[in-house]
Amino acid sequence: MEKFTVHEGLVAPMDRANVDTDAIIPKQFLKSIKKTGFGPNLFDEWRYLDKGEPGQDAARRKPNPDFVLNQPRYQGASILLTRRNFGCGSSREHAPWALVQYGFRALIAPSYADIFFNNCFKNGLLPIALPEAEVSRLFDEVAAFPGYKLTIDLPRQLIIKPGVGDAIPFDVQPFRKQCLLGGLDDIGLTLQHKDAITAYENQRLAAKPWLAHTLATA
């Protein structure tokens with residue numbers, strides 16, 4: 001997965017609490033087990049006026065002009081600002097897939113559903129939790145200043161505001177931080193031990209050579 005170090009991006013405000021994973025990526029799009037192609041269907045039922053189905057050409061659909069991500073000032077946003085309990089509902093990993101494939105690198109909210117929160121880190125998406133009062137101030141600033149951008153500095157664990165450069169500290173668990181900095185998902189973490197795994201397999205086959213025949217005919 002892509003490394004996350006320092007990211008500057010346009011902020012899109014989604015002023016809704018309790019956004020569940022079925023809203024993030026509706027159930028009809030879960031038929032695919034591929035990890036690609038979900039970006040056009042992110043927030044599908046809010047983003048379009050017609051009903052979405054897998055395989056549709058998004059360019060031929062009717063966008064909802066009132067939905068925040070369809071507004072011109074938020075085109076190209078890569079940081080999503082939202083309210084408490086984001087990502088609640090079912091545990092589908094398609095939700096962070098869709099957010100990442102749309103172009104988001106980070107989320108800012110007062111709280112997240114636990115499983116969704118964990119899945120974000122496994123897919124290179126940084127979910128930052130801030131106090132509700134701080135999140136509300138950011139909503140006010142985004143509304144007041146078109147083109148509002150933030151810089152997220154993961155090594156220093158700071159959100160840096162534009163202009164005067166005020167910084168907001170945030171917490172992140174050290175192991176998750178290192179995985180994001182290194183671009184390591186679960187497979188990447190395992191492959192860090194590739195040489196040790198290969199050495200163990202060779203040693204085990206040398207001690208029990210019949211296993212080679214068993215594995216070959218299984």
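A contact here means heavy atoms within 4.5 Å, and helices (H or I, at least four residues) and strands (E, at least two) are DSSP runs numbered from the N terminus. The model is predicted, so local features need pLDDT of at least 70 and side-chain atom pairs count only at pLDDT 80 or more, while totals for chains, interfaces and linings use all residues. Residues are numbered from 1 along each chain as its sequence is written, and side-chain values use heavy atoms, with hydrogens and water left out.

Q: What do the buried residues of H3 pack against?
A: They pack against helix H1 (21-24), strand S2 (79-82), strand S3 (106-109) and helix H4 (114-122). Helix H3 covers residues 94-102, and its buried residues are His94, Ala95, Pro96, Trp97, Ala98 and Leu99. After H3 comes Gly103, with a positive phi near 130°.

Q: How many helices and strands does the protein have?
A: There are nine helices and seven strands. The C-alpha trace spans about 70 × 40 × 25 Å along its principal axes.

Q: Why is Gln157 called buried?
A: Buried means under 20% relative accessible area, exposed over 50%, and partly exposed in between (1.4 Å probe, protein chains only). Gln157 has a relative accessible area of 19%, so Gln157 counts as buried. This residue lies in the loop between strand S5 (149-153) and strand S6 (158-160). Leaving aside neighbours within four places in sequence, Gln157 is in contact with Ile168, Pro169, Phe170, Asp171, Val172 and Lys177.

Q: Which residues of helix H6 are buried?
A: In H6 (residues 174-182), they are Lys177, Cys179, Leu180 and Leu181. Just after H6, Gly183 has a positive phi of about 65°.

Q: What makes Phe43 and Trp46 a stacked pair?
A: Rings of Phe, Tyr and Trp (its six-membered ring) pair if their centres lie within 6.5 Å; planes under 30 degrees apart count as stacked, over 60 as edge-to-face and the rest as tilted. By this rule the count comes to eight aromatic pairs. Phe43 and Trp46 are 5.9 Å apart centre to centre, with 5° between the planes, and therefore the pair is stacked. Ring pairs also link Phe43, Trp46 and Phe67 into a cluster.

Q: Are Phe43 and Trp46 buried or partly exposed?
A: Phe43 has 0% relative accessibility, so Phe43 is buried. Trp46 has 23%, so Trp46 counts as partly exposed.

Q: Why does Ser78 count as buried?
A: Ser78 has a relative accessible area of 7%, and therefore this residue is buried. Ser78 is found in the loop between helix H2 (44-47) and S2.
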